[in-house]
Structures are given as C-alpha cells and as structure tokens.
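Have a look at the sequence and the model first.

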Amino acid sequence: MDAERQREALIAVERAMVAIRRSQTRRALSRVGRDLDGVTFDPTVFGVLDAIEGMGRPCTITEVAAALDVDQPRASRLVARAVDAGLLVRLADQRDGRRTPVALTDLAREQLALIHRFRQEMFARAMADWPDEDRVAFARLLTSFVQSFTAMTGAPGAGETFSADPPPSGRPPGR
C-alpha cells in the first residue's frame, strides 16, 4: 500500500474511533435498550458488572476503579449501588481481612446475559447486509486492533480479554 492510501486508512480509522467514542459517551446503545424484557438497568452500574465479568473473578474496589478508569470513591459508590440492587455480593477475603472483594450474583449474570443478547442483536442488525466473511474478518480485525491498542496504551481493563471464541466457564457470549 502506498503512503497516501495508508494515510487515508489511518484517517478513516481515527474518524470511526471518534464516532464510536462519542456514541459510547452518549451511551447511545444503553438508551436504546434501557428497558429490556421489563428489566430497567443503570448503564453506569452495568459498567461495573461488565468490568467484573471481564476479569472473570471476584475483584476489589481498587480493581473496579482501575478497570473503569474512575477514582476509588466513585467506584465504591457504584459498587454500593450494585450491591443494593442485588447484583453484587461482598465476600470475605480469607487471606487479608482488610480486603472485601465483590462478586456477581445470579441476578447479575441473568441481567448480563440479557444485555449481551441485546448488544449482539444490535450489532447483528448493524451488519445485517454484510457478507458472512466480512463479519468474520471484522470481528478478527477489531479484536486484534483492541488487543494491540490496549497493550500499547496500558488502557483500563488491560486485563480483560477480547475474543471471538465463546467465553469460559459458563459466561454468556458477547465479551
């Protein structure tokens, strides 16, 4: 590829990433699916659930704060809201009594599965007229891009994995 085509490709990627960021900032997807099957959800609380699910294990407030790129007091308030809603449970750390990890409840897993299905349906609709091979290539390339970009920037959630493969140990697809 010549230098001009490379530059045009980078400009196109930048514009697409800015559009995605703006959409995420406006929480466009959350607004569309705010009430799913009678479940009203708070997108900020579901950000906490997504982060914990992405880690694949109970985690501390400090880990939640790092994954969401917020300060500890904000993470603590978000976790408290999720606990109050019955979506997280506080656990005792047998090795360090000062630590209080939080874990997803069955209700959280059910609601996350609902959200995953909703998101996947929205993405499928956005790609409805794409050939199957383009969808597969897009998934592979986007996953590769996110992994490389996350590794390069040390972005929050760097411990999270991105894969087109089914998630391990009974986690619902979509992560």
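## The core and its helices

In this predicted model, the largest nonpolar core has 21 residues, and those with the most contacts inside it are Val48, Leu49, Ile52, Val64, Val79, Leu88 and Leu104.

As a general background, nonpolar side chains tend to be buried together in soluble globular proteins.

Leaving aside residues up to four places away in sequence, Leu88 touches Val48, Leu49, Ile52, Val79, Ala82, Val83, Val102, Ala103, Leu104 and Thr105.

How do H3 and H4 meet? Their axes come within 10 Å and cross at roughly 105 degrees. An angle of 65 to 115 degrees counts as roughly perpendicular, so H3 and H4 are roughly perpendicular to each other. On the H3 side, the contact is made by Gly47, Val48, Ala51, Ile52 and Met55, while H4 brings Glu63, Val64, Ala67 and Leu68. Sorted by type, the residues of this contact are seven nonpolar, one polar and one charged.

Now for the whole chain. Its secondary structure comes to seven helices and four strands, following the pattern α-α-β-β-α-α-α-β-β-α-α along the sequence. Of the 175 residues, 30% count as buried. The accessible surface comes to about 11500 Å², with 55% belonging to carbon and sulfur atoms.

Notes. Residues are numbered from 1 along each chain as its sequence is written. This is a predicted model: local features need pLDDT of at least 70, side-chain atom pairs count only at pLDDT 80 or more; totals for chains, interfaces and linings use all residues. Side-chain values use heavy atoms; hydrogens and water are left out. A nonpolar core is a set of buried Ala, Val, Leu, Ile, Met, Phe, Trp, Tyr and Cys residues joined through side-chain atoms within 4.5 Å. Buried means under 20% relative accessible area, exposed over 50%, partly exposed in between (1.4 Å probe, protein chains only). Contact means heavy atoms within 4.5 Å. Helices (H or I, at least four residues) and strands (E, at least two) are DSSP runs, numbered from the N terminus. Accessible areas come from the Shrake-Rupley method with a 1.4 Å probe; for residues, only the protein chains shown count as cover. Axes are lines fitted to C-alpha atoms, for helices over the stretch in contact, and angles run from 0 to 180 degrees between N-to-C directions. Angles under 35 degrees count as roughly parallel, over 145 as roughly antiparallel, 65 to 115 as roughly perpendicular and the rest as oblique. Ala, Val, Leu, Ile, Met, Phe, Trp, Tyr, Cys and Pro count as nonpolar, Asp, Glu, Lys and Arg as charged, and the others, Gly among them, as polar.
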